[in-house]
Amino acid sequence: MDKPALLVRAPSNQCHDTGIPKVACRLALLLITILLFASAPSLLFQPLTISLTHNDPWEGLAAHCKDAQPIHTAEFLERQRQLAHALHALNGSTYVAEPGASALFFGNISDASWHLSERPLLLLISPLVDQGEVSARVTILTPTFEEDRAKLLNIPGVDVSYVAWHEDEDPYTIAVKALPTSSRGPIYVDGMTRHFIVDGFEKAAPGLSVLLAPAAITSLRERKSPTEITLLKCANEAQMRIGMRESQVIQMVDEAVGGCWFDREMGVGAFRGCVAWCVVPSRSDSRTEENAALPHGTGTDRVLGRSDFILIDTGGVLFGYHTWADRSNSRRARYLKTTLRIWWDVHAAQTAAMRVARAGVITAEVDKAARAELTRRGLSPYFTHRLGHGIGLEDHEAPYLRGGSDIVINSGHTFSNEPGVYIKGKVGIRLEDCFYINDGGAAVYLTEDVGAQARDPLHP
């Protein structure tokens, strides 16, 4: 049976049982309505009826991004080739990564396909030079008793080799002995590598430097390929209605994004399908809950009312790529009743940032543009976090849009653009949309094809 859309009625319908003559009440509410919309002229003549649901809440999900595919083997091989060339230019002996975002990028090994433990399984990629040609050698360091399982991992590469260590052996000594003898330069480790592993390599190879991977290596993951941009563009829609509990909104978004239209099974050695997470802080004009004024506030189990506004903080993962986009994966303030003026102030800050963001610009300048807009409007003390972060195989990754950063924006970079105003005990508003830098150097919303930035509070 179709569910009727639930509506927020115009103020003129709220004059019963007030003790005030209906004519006077309606005139007063009309004046309040005009003042409320004065800061947003484009909304003044729009109906105050907001449809929060439609007949089929999952309509369109089955076909959305139906052609999305995980990263192809050829792209993994190209990433490994580029890494090998970067290592060769640095005179590095190898690159080391644990299961996680970087190992997923270079070797298709996520922390979901191989759980981290005290027994290290490591991806090592080394440069090999043959008659002037540089190629990548891929080695997997694995506990001996886990070797068969490790070989089930779907690791792309030419002649991937496995080096096993017994429980009574030092794994790092085994790893160092397996390195190519042609180069005895630094061992570069991924920035998320646990310290005991770094310490293990330092003890096993006292003649070699063990260093964090430099920008020449980290930039390979920061700048996204067209295939990665395509995956990042995919997003879902999530909806809510009056009378739902905050916990139900969380469950609904999880089902829409997490269950969605992809196979959720974990393919052997590969991260398949998608998962989701959702935080729904809300505020009511007539209640004590002020969760939305907390940038990372969590939801409760209370019932949503007509006077509430909802701040949906939700994200998803598609084939390992994180999404925070319009319509579903967004920190988008959806108004039922709250301060429109602040919403438009935050919207202006987000717009100002997009005007500045482009290839060749320092990341700090984009943050500065949004902050200057809120400063001009007297709200800078309430913008308490950086403007944005990179997004890809991690929901928060380098580079970041923040003050003090000197990173230069390049084509292929992806960022969140999320200014916010948080007035403790009163209200919190944040608008977030993700964008990428195209080949022409321009900033383009990842959700450009489905609406991009919010038009107004009634059309988020």
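**View 1. The loop between β2 and β3 holds Q131.** Welcome to a predicted model, where local features need pLDDT of at least 70, side-chain atom pairs count only at pLDDT 80 or more, and totals for chains, interfaces and linings use all residues. Residues are numbered from 1 along each chain as its sequence is written, and side-chain values use heavy atoms, with hydrogens and water left out. Q131 is not a glycine, yet has a positive phi of about 55 degrees. Most residues other than glycine have a negative phi. With a relative accessible area of 79%, Q131 is exposed (over 50%; buried is under 20% and partly exposed in between, with a 1.4 Å probe and protein chains only). Strands here are DSSP runs of E, at least two residues, and helices are runs of H or I, at least four, numbered from the N terminus.

**View 2. D159 sits in the loop between α4 (147-150) and β4 (161-165).** Here too is a residue that is not a glycine but has a positive phi, about 55 degrees. D159 counts as exposed, at 69% relative accessibility.

**View 3. A cis peptide bond joins A398 and P399.** Its omega is about -5 degrees. Strand β13 (residues 397-401) contains P399. Most peptide bonds are trans.

**View 4. Helices α10 (residues 340-356) and α11 (residues 363-376) cross at roughly 150 degrees.** Their axes come within 8 Å; axes are lines fitted to C-alpha atoms, for helices over the stretch in contact, with angles from 0 to 180 degrees between N-to-C directions. The angle makes α10 roughly antiparallel to α11 (over 145 degrees; under 35 is roughly parallel, 65 to 115 roughly perpendicular and the rest oblique). Residues making the contact (heavy atoms within 4.5 Å) include A348, A349 and A352 of α10 and V366, A369 and A370 of α11.

**View 5. The largest nonpolar core has 43 residues.** Such a core is a set of buried Ala, Val, Leu, Ile, Met, Phe, Trp, Tyr and Cys residues joined through side-chain atoms within 4.5 Å. L83, Y95, F106, I109, L123 and I217 touch the most other members. Among the elements that each supply at least two residues are α2 (73-89), β2 (122-130) and β17 (433-437). Not counting residues up to four places away in sequence, L123 touches residues including Y95, F106, I109 and V138. A second, separate core of 28 residues includes W343, W344, F415 and V427.
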